[in-house]
Structure formats: structure tokens, C-alpha cells
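Take a look at the structure first.

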Amino acid sequence: MGDSLTKKIIKSHFVKGSMKPGQDVFIKVDQTLTHDINAVMTYLAFEQIGLKRARTEISVSNLDHNLLYIDNKTPDDHIYLRTAAEKYGVYVSRPGNGICHTIHCSRFAVPGKVLMGGDSHTPSSGAVGMLSIGVGGMDVATAMTGIPMRLTMPEIVKVNLKGHLQPGVNAKDVVLEMLRRVGIKGGLGKVYEYVGEGAATLSVPERMTITNMGAEMGATSSIFPADETVKKFMEAEDRGDKYVEMLPDPDADYDAEMDIDLSSLQPLIALPNQPDNVIPMSELKEHPTVAQVFMGSCTNGSYSDFAKAALVLKDHHVDENVQCTAGIASRQIYKQLMKDGYLDMLIDAGVRILELSCGPCCAIGQVPPTNGIAVRTSNRNFLGRAGSRNCSIYLVSPESAAATAIKGTFATAEDILGTDVDILATVHEPAHYFVDDSMLIAPLPEEEAEKVEVVKGPNIQYLPIPEKPAEHLLCKVSLKGGDNISTDDITPAGAEFSSMRSNIPLMSKYCYNRYDPEFSERAREMGKSIIVAGENYGQGSSREHAAINPMYLGVKCVIAKSIARIHKGNLINHGIVPMLFEDPADYEKIELGDELEILHFLEEIPTRRVTVTDKTKKFSFTAKLDLSDAQIEVVLAGGQLRYLKQELVKEGILEAEA
């Protein structure tokens, strides 16, 4: 049997380990990316490691998420990130250039290479046949050292696409259909590999929409072949010399397989408050007044997305009850839309054009009104994701979003255009994009970089380093959480909170602010504590602050029914031991404030079975550690930074500290 595309890339980057699903495999990483609201901790970590320069082929620091500058904190962060990038040989995508995933796929991604990025939607670059994986910031710092990265070898699922999308149906509907089928946990430990004659009909930006939202299924990554479509895209970006054909073997062996007939899809909608809460729009039973429509983001901010939305809006106007905004994904897309007249159509219809940034997707601006309904083309609709816990977020395609803005309630492109909906099929990606990299700052030569002074504003505080696990742990439960707690719940999104992320002592005061406002003070008073939670703990964004803040507040362990992949890695990296209930029924017996005791903790960690005694309720239960040998080593070392320094000394890359 032949190899899948994913397996080919892993084989070509293999260093050690096993390629059996579920086992550790260590691979070489070619490229990394970061963005501003997560990256300060990444570069502070890299600075503490002590290397003079990133040892990857390409690393990129994107200043794209928080551009509101509500006070000095974020501009200070941006100055730090720019000067740190100059110091360590990293590209900078300046504010106004566009959203990181669109920029990376357009200007840096290479078929067959491996990318690790400090954002859960890094798999966007799988659209061009690049194995792209979202990780925490400490993992990005590790990859920048050139040390092979640990990956749990995924199962590879073949998604055979047939037919072609009908006018008014978007690639967003493909990934919503995937979410409807497999759910928000269905992709755990998997890579979805999209193939077939239907895949060949999708443009690279359409593929990006699908690979981007694979994160919402919990997938390790998603990927398309680097075929003729990718070649044309890279040529349109003046990067044809970087194209390499990357296809699965005709007889490739997969761990599982599923089919989707693109021709049969209809417009779908994700209802609040999870992206897998999906139904056809035709089955909506209620059509309430919509307060806000947001089109764009890294998920659906492409040229074609906005051109189609503009054609729906042409000769119509946004309903008087609706605030409609557009977040175009990059400067080159903006200029092309302007040249071709689509920007005029949007503005004439009453759409407000926002900065070229992530913005509303992560609650940085455009928070909906009290009890308002927000319809968005972005990727997440968690409770509180838009900056308010009393609004309702629905996810749709740009065509449906534009129709909804006109109607003032849920609608599809066909509701507006009728039989003229076929005009949407005339929209195609440009044969050549406006290529202008003047907003990219290239790395300095090493001798110049050594002279750069890294500028740290007053808000940029140290990166806390965790302690090693104690032999005897006796502490209280500081939080009893439910299912599907997201990283937004742990570390709130929004302009104000995002500007605090370079200051852990300040940010930690708002840990769990929207989920349990008393948590921070309670944990601080306890000194050390344990968090107990239900299913899918830590779903969503890759933000490692959701691990750093609890660690700073003294959280030593998380015991949950299940833990999301990236968040589990972040917990390990930052010295919090992630454990699972062996018997989920034990979760029900524990209450907030219970005192838990673990004897011989250091001895039990390598056995992957830990006995926990609830001294308050007077019963004992078993927690298991679903960790590999390599992860156990990091846990026992007291986190990734301590472990990484040990490994770099062993490799002779760093000298041992005196």
C-alpha cells in the first residue's frame, strides 16, 4: 500500500519515534508563526533559552490581532515583538498587512514543509499541501531552537470530496457539514486529508476555510494535495518557484474514510454555543431580528468570499436594525476588491470596513448589544467569544451573512437573488494578486541583529517558571468546572484583556473572569490548588495563558474527564499536571473546596496511575495520566523550559549553567 500525503511529509521530516497512531514521533520543523496577543510569552521564553538566533528556515511574527491600541500596552507589545524579531532573525508582518494565516499561506507556505504556529488555526496552510499544526507558544519557542518536535502520530482520515459546490453554497458549508458529522471532539488525534475530484474544484482560499476550521473538530491538522490548483495559486502570488507537487499515492492507505458530495450540500448554520451545533438554514424554525453581521476573519476573508457577498448586497442595503462589518483578510485582497469594484458595492450597501485584523473574531471590537444576535463568518461561537456572555453567535457563510444583513434576519443568497444566484458562480480568485511585501520586515543579517536592543515596555513582565511537582500534594479544589470549558472561559478575549497578556501578574487577576469571577482571588488565597472539570476541558484557542495564569495562581493539577489536545500540551509545558478520571463517576462526588491529597506523587507519575484521596468526602479515586514517555519527562522536569534547556545542553547547543 502507498502513503497518504500526511504520512509522506512526516516520513520526510522524521527524526525518531514511531509512526504508529497514538505513539510519539519526533519531526523536524521548517517554519513557525506567532501572533501578537500570544507571542510575547513565546519570545520571552526564547530569550530565556539563550540562543542568538532562530534555527528554523523561516519564522514569522504577525502583528494582526489587537490593533485597537486602547492604551499603551499593545503598542508596547508590538515594539517588543518587532525588536525581538530583529534580534532573533524572525520576519515581522506589520500591523495592517493582514491576518496571520492568510499572510502565511500566501507569502510563506511551501508544499511538503512542516509549520508549527502559536494559534489553533495554523492548519490553514494545509490548503497548499503543507503539514501545519497549531501548538502553544512554548512549543513554538522550542521549534525555533531547531530541536525536533514531539507529535502524537495521528490517525489519517481520507475525506473523499465528490461533485462541486452549487452557487450560494460556500466552503464554509463543507466544514460545517464535517462538524455536524463528527462533532467538536471527533477530530482528536486525527488529520483530515481531503482528496478526490471534488477537492480539485476548490480554490486555495476555499481549501483554507476548510483546513482552518478543522481546529473546531479538535483535529491535529487538515490538508489538501499540492496539485495544479496550488501551482496556479502560488504562481499568482509570484511564488511559483516554491511549488512542489505533493500528492497521496493512488493506493494510499488510510486509517478511516468518509465521503462528502459537494453537489448535495445546502447552506448550513451553526447555532449557539458550539460550532458543531449545525443544521440546514432551511430548517430554522425561528427568524428573530439580527443585531450584528460580521463578514471576514481568517476563515472567510478571501477575495472570492467578499466578491460573492458584494454581489448579494449589490443594489440592496443593510437593514436598519443591523450593524454590518467586514474584516478583509489581507492588504492584497483589499486592493483587488477595490480595483474590481466589489469594495464599492459593500460600502454602497452600508457595510462598514474594518482594519485588516482579526478584531471581532476574538472580541477585539464589535461586541454585540445586550441579548443581541450576532451572525458571523468566523470560526467560533462559544459563549462569551464575542465579548459578551448574553449574546448569541451563529456561524454562516459570507453569502448567507450578506443576505442576513439585507433581510435583518436569517437568509440565504438564494432568498435575495432567486434564480440569479448563478451569478455567484462567475466569481474566481484573481489570476495574479497585488504582491507587495513592503509591510513585511525581513530578518537582519546576524552581525546586525546582535546589535539590536530589545525594547520592553513597563507592562511586559517576566515569564513565570513553574516548580517541579511535589512528592506530597495536599490542597483544595479551586474550581469545579463543567463540560467544554474553553480557553476563552479561562483567559477572556477582548481588546482590554488581550492587552494584558504580556503581564501575567495583571492578567491572572482575570483568570476565569467570565466563568467564575471569584476564582482568581480564591486560588490566590489557597496558595496551591487543583482544578476539576468535565469533558473537553480547554477547547478552542491555543492561547497558553489559559495554562500560565492558573499556574501562576498556584494550580498544580487539572483532573478532568477529557482535555483538548493543545491545552493539554500547554498545561504540561507550564508545569500543571493534566490527569483524567479513570472512572468519570468520581467527578460527580467532588465539590468546590474539597481537600485532595496525593501521596508519593513523583513516584506515581511515571506509572501513569495516581491515587487521589478526597479528605473532605473521605473516599479515594484513581486518576490516569494519558501522557507519552516524552511528556512524562517534561512533567517531571517542571515544564518545557526547564526540560528544553537540559536537552540543548545534551546536544551541545547550549553550555551548562554554572
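Q: Where is empty space left?
A: Rolling a probe the size of a water molecule over the atoms shows that. In this predicted model, the largest pocket holds about 1200 Å³ of space.

Q: Which residues are the closest to the centre of the largest pocket?
A: They are D24, R150, L151, T152 and Q631. In total, 50 residues line this pocket.

Q: Which elements give two or more residues to that lining?
A: Look at both strands and helices. The strands are β1 (14-17), β2 (24-27), β8 (149-152) and β24 (577-581). The helices are α5 (137-144), α20 (565-573), α23 (629-637) and α24 (640-650). The largest share, 6 residues, comes from α20.

Q: What volume does the second largest pocket have?
A: Its volume is about 650 Å³. The lining has 29 residues, and T201, S203, E206, V427 and H428 are the closest to the centre.

Q: Which elements give two or more residues to the lining of the second largest pocket?
A: Three helices do: α7 (204-212), α8 (228-236) and α9 (303-313). Of the elements, α8 gives the most, with 5 residues.

Q: How many nonpolar, polar and charged residues line the second largest pocket?
A: The lining has 15 nonpolar residues, 8 polar ones and 6 charged ones.

Key. Residues are numbered from 1 along each chain as its sequence is written. This is a predicted model: local features need pLDDT of at least 70, side-chain atom pairs count only at pLDDT 80 or more; totals for chains, interfaces and linings use all residues. Side-chain values use heavy atoms; hydrogens and water are left out. On a 1 Å grid over the protein atoms alone, a cavity is a set of points where a 1.4 Å probe fits but cannot get out, and a pocket is an open set with protein on both sides within 12 Å along at least five of seven lines; lining residues have an atom within 4 Å of a point. Grid points are joined across faces, edges and corners, and a volume is the space filled by probe spheres set on the points. Helices (H or I, at least four residues) and strands (E, at least two) are DSSP runs, numbered from the N terminus. Ala, Val, Leu, Ile, Met, Phe, Trp, Tyr, Cys and Pro count as nonpolar, Asp, Glu, Lys and Arg as charged, and the others, Gly among them, as polar.
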